Amino acid sequence: MSRTEMDELGWDSCDIILVTGDAYIDHPSFGMALVGRLLEAQGFRVGIIAQPDWHSAKAFRALGKPNLFFGATAGNMDSMVNRYTSDRKIRSDDAYTPNAEPNKRPDRAVVVYAQRCREAYPDANVVIGSIEASLRRIAHYDYWSDKVRRSVLPDSKADLLIYGSAERALVALAHRLAAGEKIGEIRDLRGTAFMVPRNWLPGGDWSEIDSTDVDAPGPLIRHVDPYVMASSDEPSASCSNVDVEGGASVAPKPVTFHSRMPKLDRQRTVIRLPSYEQVKDDPVLYAHASRTFHLESNPGNARALVQAHGDRDVWLNPPPIPLTTPEMDGVFAAPFQRKPHPSYGNAKIPAFEMIRFSINIMRGCFGGCTFCSITEHEGRIIQSRSEESIIHEIEEIRDKTPGFTGTISDLGGPTANMYRLACKDPKIESSCRRLSCVFPGICENLNTDHAPLVQLYRKARAVTGVKRVLIGSGLRYDLAVRSPEYVKELVQHHVGGYLKIAPEHTEAGPLAHMMKPSISSYDAFKTMFEKFSKEAGKEQYLIPYFIAAHPGTTDLDMLNLALWLKRNNFRLDQVQTFLPTPMAIATAMYHTERNPLKKVTRKSEAVETVRAGRMRKLHKAFLRYHDPENWPLLRDALRQMGRADLIGNGKRQLIPAFQPPGTGLRHQEQRHPKALPNLARRFAEKAARKR
């Protein structure tokens, strides 16, 4: 991290310099540490510039010019999500900074860092990656500016973007650059994106599918489009990289949706998405592009994608092949110090304090929740570590981490109970184009056996010096109920009094737009949870999470959720309002008011979308119906909805008629004269549509 450390190591230069918006913590839960140690193990000299002053290029020259490339990332979180709330207010702290100090990274940090790297050394190679770059690899809706922005590639001026889990591509890139290849000639790495001249192709016999428009009226002829499932006789993409014989601006064999389509080699087929200029002005084409993009996310059959930005194209190679268990073990086997860099002294870094006794046992998520970005970044194929690797890390925590008292705070990942779950047939997995393995129901081809996870829990508890192993990651309860043995093991040994789970809603409409299971799955899990807690003689509670103002949610849906909460005696402390993150399917719903889960046409049914600040506050207020500050807003809404009967002091009523002195002023001050007439008009329009 400094010239002094380079001198101590005897380095005259770094091969690779990683620039990150997070403090540097040498722990496998932090991306730059994981990548840095991986490259170090390959023999490269790696420098890290953490949270540099971005106002000039000076800080980016601290370690000199890298021999191979700069790797720029915003950090473990998207910089905009990190800095702003769902109401677009600036957060008062930053969990990834010493002492949680705010304002230590710029907005859209990956763009700023890449530009400063280029300014510091104009002839250096610049590579961008991690979650912020991953979720902005094509034209995307930006909630904070309320407009569609270009791919991050032309804005950052980077040479290459690596998306998803980057280990395989990074190692290959570093070795090829070290061997003398030019970065502009490396065009065959899976999981990468780059800018090319318009109509560029990798060379050879390639075909292009024109998906720049939705279906229009025309002759009834058979055609294939990117939405269809791969047929059994269609060749699936192999796990090898795209075969490149040297890029060239050669004319592809064009195939449109309105012509008979021959059998095409998926490995040598590219789908042209609607251009940036089209999607920024046309919500229908944006929704269509979102659907097409997400259906090309299975590494086993995904085709390359291309999207025009002006007179150039953004080219996306197919997603990376998931790491095998031995490869995952190798990534986590590096000699991590498991603590922040010494330069931070005794400063507390909240993100580290939260995870220092936790262990990541797997990657990926096949749930496909539309509001979540995990699938877009890590993929839906689960990548699991071995028991031996996980147990070794527990021993590392016991022996190396100061303050360890015998409690492992979490054995989990994106989802706690997807460890070693996979499709029963690799051939089916490689050809499947479903967006979720568990919606609308659990796929019959999915192995839901939790026995390996139960065995892992038991071995973890048996490690000398370990008193307790808790599960803090989110739980997929519709999978858990398939294995009563797992629920019993979890409830009786791994719950610290409270277990957080996320049904997100109770009503069918919002749940369908989220791709979440019905509330009946929650009820089944709750019954098991209470039964096994009672058998163990423990008083334990479920803490459910819910989302307000998600696309597809009506005011009546939120009212019904509030009534459900009251019937079940839930008084939620922390609630979240839907935050549209780049490239998520729910974000496309929010922006376009169309549903990309279905085929998109000009006549597609509109999705109920809450955009106005007051209505978003109303939906959030329903979740906190017990808070007197929300009662004036809720009373107004209930009267306009014709549900004034829910105002009163009875047990079956939602909120009281009285207002405690000194409360409710926040919403009263924010009331606008036109708000109530507009609310009444909305309910009248809904009633008319139903009639």
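I looked up the handedness of helix 2 against helix 7 and found a right-handed crossing (the near helix is turned clockwise from the far one by less than a right angle). This is a predicted model, where local features need pLDDT of at least 70, side-chain atom pairs count only at pLDDT 80 or more, and totals for chains, interfaces and linings use all residues. Residues are numbered from 1 along each chain as its sequence is written, and side-chain values use heavy atoms, without hydrogens and water.

I then took the geometry. Helix 2 (residues 31-41) and helix 7 (residues 167-178) have axes that come within 11 Å and cross at roughly 40 degrees. L34, V35, L38 and L39 of helix 2 meet E167, L170, V171 and A174 of helix 7 (contact: heavy atoms within 4.5 Å). I noted seven nonpolar, no polar and one charged residues there.

Next pair: helix 9 (residues 283-294) and helix 21 (residues 585-592) pack at about 170 degrees, axes 9 Å apart. That makes helix 9 roughly antiparallel to helix 21. This contact divides into five nonpolar, four polar and no charged residues.

Last, the core. I find 79 residues in the largest nonpolar core, where L411, F525, F622 and L654 touch the most other members (buried Ala, Val, Leu, Ile, Met, Phe, Trp, Tyr and Cys joined through side-chain atoms within 4.5 Å; buried is under 20% relative accessible area, 1.4 Å probe, protein chains only). Helix 20 (residues 555-567) gives this core its largest share, seven residues. Apart from it lies another core of 52 residues, including I186 and Y344.

Notes. Buried < 20%, exposed > 50% of the residue type's maximum accessible area, 1.4 Å probe, protein only. Helix = DSSP H or I, 4+ residues; strand = E, 2+ residues; numbered from the N terminus. Axes fitted to C-alpha atoms, helices over the stretch in contact; angles between N-to-C directions. Nonpolar A, V, L, I, M, F, W, Y, C, P; charged D, E, K, R; others polar. Parallel < 35°, antiparallel > 145°, perpendicular 65-115°, else oblique.
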